[in-house]
Amino acid sequence: TATISAALTPSLAIASSRLPSFSRREASGKPAVATSMLATLAQRHAVQLSEEVLRGRAMGAAAMLGINEPVLKALVQGQLAADAPQVLERLEPVRRALEAESISVMDASGRVLAQAPHHPASIGQQQQQGMPYWQQAFAGQENVSPLAEGELPPRRSFLLAAPIYAQAQRGGLVVGVLALK
């Protein structure tokens, strides 16, 4: 999302400024060591970046919707029809405020029940239970996953996923998943 990308830009600048510089001579003498060091640093900064996103505004909003929003709980528990208008009324303002590309709500089987912006053709058709972001969120873990979509070069973005709990508390029974892209 644009907001997530904007939030990550300062972190990426800090991370890249911390990478050691290697002269051509140093790198040519020990390419495997230099590559290994860069890979380790890149992994370390990727973890740090992921942690920052998990503490960010968008993830906080997704987590709060999954804990506190009764309309989402009713939807994933079958008390509202898939794509119910009152669900879209709750999702669309959040999507716009966070400048997210989309917000999806999935039930316990991974089926997409609602999506903002509204895409009627995708409702009930997409099964996401095999996706790592869905599996982690359904296990009660908020998470961030990188996405690469489209042709070469792929468009890169992030997907934030949070559990939807049956009760208004963390750590209880998970009944669905909310995903922000």
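How are α4 and α6 oriented to each other, roughly parallel or roughly antiparallel?

A: The model considered here is a predicted one. Helix α4 spans residues 57-68, and helix α6 spans residues 85-98. Where these two helices pack, the angle is about 165 degrees, and their axes lie 10 Å apart. Angles over 145 degrees count as roughly antiparallel, and α4 and α6 are therefore roughly antiparallel to each other. The crossing in which α4 passes α6 is right-handed. On the side of α4, the residues that make the contact are R57, A58, A61 and L65; α6 contributes V94, A97 and L98.

Residue D107 belongs to strand β1, which covers residues 103-107. The relative accessibility of D107 is 8%. Buried means under 20%, so D107 counts as buried. With neighbours within four places in sequence left aside, D107 is in contact with V76, L113, W134, V175 and G176. The side chain of D107 also takes part in a polar contact with the side chain of S109, at 2.8 Å. Finally, K73 stands 34 residues from D107 along the chain, and the C-alpha atoms of the two are separated by 9.4 Å.

Technical notes
Residues numbered from 1 in each chain as written. Predicted model: local features only at pLDDT ≥ 70, side-chain atom pairs only at ≥ 80, totals over all residues. Heavy atoms only, no water. Helix = DSSP H or I, 4+ residues; strand = E, 2+ residues; numbered from the N terminus. Buried < 20%, exposed > 50% of the residue type's maximum accessible area, 1.4 Å probe, protein only. Contact = heavy atoms within 4.5 Å. Polar contact = N/O pair within 3.5 Å; in protein donor to acceptor, adjacent residues only side chain to side chain. Axes fitted to C-alpha atoms, helices over the stretch in contact; angles between N-to-C directions. Parallel < 35°, antiparallel > 145°, perpendicular 65-115°, else oblique. Left-handed = near helix turned anticlockwise from the far one by under 90°.
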